Amino acid sequence: MSETVNRPTFLTILCILTFMSSVSGLWTQSERLWNPEIMADKTRETFEGVRENLENQATTADTKTMDKMFEAVIEQTTAGSIKTGAIIMLIFESLSLFAAYLMWNLDKRGFYLYMGGIAVAFLLPLFLIGGWLGVITSMAGVFFSIFMLIMYAFNLKHMH
């Protein structure tokens, strides 16, 4: 005898979004792990372009501070830091994917696993990469996930 799952539509949508995001993230981070030198070059070029645009627009004292920050990020962007960031994010995406599977099945442990994955994505870059690049990697890794966590929290009452 099979038990029917009465999953709310909103939770179903959240899980599907997490499935898609996690699979996409796993692919992207795998690519970064396989080609860290190429990705480091692309990342440095991106930050150099952003820095040049800011220099052309701003004329305040903040320009020097921003320039120093961008210089530090560019210097830190190496194949090793890209590889470390990719491994951290692969762990995060894997945890998120499994957490979404658990929440799909109305298992409350999935919510806490998702929260733990966010902690991994936030803390490990700060400790293992460090500096401004660690901060940027950390913030980029959890920005969207925090909103998802809040929306999942509204669905905790449906999980057991």
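This note reviews the salt bridges in a predicted model.

1. Side chains of opposite charge can pair when their charged atoms come close. In this model, the count comes to 3 salt bridges when a side-chain nitrogen of Lys or Arg must lie within 4 Å of a carboxyl oxygen of Asp or Glu.

2. One of these salt bridges joins Asp41 to Arg44, with 2.3 Å between the closest N and O atoms. Helix H2, which covers residues 36-57, holds both Asp41 and Arg44. They stand 3 residues apart, about one turn of the helix. Asp41 is partly exposed, at 38% relative accessibility. Arg44 is also partly exposed, with a value of 23%.

3. A salt bridge also links Arg51 and Glu71, whose closest N and O atoms are 2.5 Å apart. Arg51 belongs to helix H2 and Glu71 to helix H3 (residues 62-76), so this pair ties together parts that are 20 residues apart in sequence. Arg51 has a relative accessible area of 16% and is therefore buried, the limit being under 20%. Glu71, at 31%, is partly exposed.

4. The side chains of Asp107 and Arg109 form a salt bridge as well, at 2.6 Å from N to O. Arg109, in turn, counts as exposed, because its relative accessibility of 56% is over 50%.

Note on methods: Residues numbered from 1 in each chain as written. Predicted model: local features only at pLDDT ≥ 70, side-chain atom pairs only at ≥ 80, totals over all residues. Heavy atoms only, no water. Helix = DSSP H or I, 4+ residues; strand = E, 2+ residues; numbered from the N terminus. Buried < 20%, exposed > 50% of the residue type's maximum accessible area, 1.4 Å probe, protein only.
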